[in-house]
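Please look over the sequence and the coordinates below before reading the briefing that follows.

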Amino acid sequence: MSELHKFLFDGMPVRGMIVRLTDAWQEILARRASNTATGAYPPPVAELLGEMTAAATLMQANIKFNGALILQIFGDGPVKIAVAEAKPDLSLRATAKVAGELPADARLPDMVNVGNKGRCAITLDPKDKLPGSTPYQGVVPLFGDRGEKLERLSEVLQHYMLQSEQLDTTLVLAADDKVAAGLLIQRLPVKGEANLEGTSGSDHDQANEDQIGRNEDYNRISILASSLTRDELLTLDVDTILRRLFWEEKLLRFEPQAGLLGPHFACTCGRNRVANMIRGLGQEEAQGILAERGDIEVGCDFCGKQYRFDAVDAAQIFTAPGDQMPGSAVVQ
Ligand SMILES: [Zn+2]
């Protein structure tokens, strides 16, 4: 069962979280594998997407924000885009578009940063959006401070969190075809709550910035956390991991989130969203597809569900809203 564990280090300005996705991750992989158009993810892509899904879960659980956290990588190599989305109820979905061959041992730069144009974006999409408001988005390059291509997603995100929250963060991520897991250790803000939107005051930012790299408790715990290996993260249960890493520290643990309250797969696609997408194509384009194939078929990249629109359905989509028949499937 997929689970999320939160903990604090007693008397120190440090908090942590471990996520272990098992059934939720296996469902994402199984849905992709059963998609006859794409087939299963190549192993390096599955590993990247698993790490992204674990990271999105940790980042969502780490902020006070009522909306979706969407972690995206726009690649310039064989992986064109990879997306992982986590909602406040810990519902998760993820997908990736792969074009072309990739070596079995492909690393992050080989997949998404071949020509130095890959980038990573973190979007916070509020649940109750005001009309006309755009979601917050932060973009991070896939390079380190010395201009080197980053080899690991965890490094990219640590960098992002340091910049956006002025808080030291240590991330360890790992995924295979059964488990996607992550450990996050973060220094607590000097005062108040930090968040990814960076809405805190400048005094607050300055105080946090002054502490970067200087808190001894955080530094010690970060080194312990970084010693966790990929194999340990994937194969050991959470209690064992915490005991092995932090046996000399006093941990305060919260009730784990698992089962119905824990991380789980869910897709929010629906016929109305697809109808809006077809509307976005324009009537001419839609008529062209209908003339050629008889109907418009759209599959959801996240869950694999297929949506079919015949000529009558399509005509309804392009009917002016005022002319809609009662009970029409088209809802704005
Ligand atoms: Zn879907």
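With which side chain does the side chain of R15 make a polar contact? The partner is the side chain of N62, at 3.4 Å, where a polar contact is a pair of N or O atoms within 3.5 Å, one of which, within protein, must be able to donate a hydrogen and the other to accept it, residues adjacent in sequence counting only if both atoms are side-chain atoms. This is a predicted model, in which local features need pLDDT of at least 70 and side-chain atom pairs count only at pLDDT 80 or more, whereas totals for chains, interfaces and linings use all residues. Residues are numbered from 1 along each chain as its sequence is written, and side-chain values use heavy atoms, with hydrogens and water left out.

**Confidence**
- The protein chain has an average pLDDT (the predictor's confidence in each residue, from 0 to 100) of 89, and 92% of the residues score at least 70.
- Over residues 322-332 the pLDDT falls below 50, and this stretch has 14 contacts in the model beyond near neighbours in sequence, a contact meaning heavy atoms within 4.5 Å.
- Where pLDDT is low, the predicted coordinates should not be read in detail.

**Zinc site**
- C267, C269, C300 and C303 coordinate the zinc ion through their SG atoms at 2.2 to 2.3 Å, donors being N, O and S atoms within 2.8 Å of the metal (3.2 Å for Na, K and Ca).
- The arrangement is tetrahedral because the four donor atoms subtend angles of 103 to 116 degrees, the criterion for four donors being that all angles lie between 85 and 135 degrees.
- Along the chain, the donors of the zinc ion follow the spacing C-x1-C-x30-C-x2-C.
- C267 counts as partly exposed at 23% relative accessibility (buried means under 20% relative accessible area, exposed over 50%, partly exposed in between, with a 1.4 Å probe and protein chains only).

**Strands**
- R15, found in strand β2, is buried, with a relative accessible area of 13%; strands are DSSP runs (E, at least two residues) and helices likewise (H or I, at least four), numbered from the N terminus.
- An open sheet of six strands runs in the order β7-β6-β3-β4-β5-β12 with mixed pairing, two strands being paired if DSSP finds at least two bridges between them.
- β7 (136-141) and β12 (264-265) each have a single partner strand, so one side of each is left without a neighbour in the sheet.
- Strands β3 (residues 67-74) and β6 (residues 119-126) pair in the antiparallel sense over eight bridges.

**Helix α8**
- V238, T240, I241, L242, L245 and F246 are buried in helix α8 (residues 238-246).

Conventions:
Tetrahedral: all angles 85-135°; square planar, octahedral: opposite > 155°, others 65-115°.
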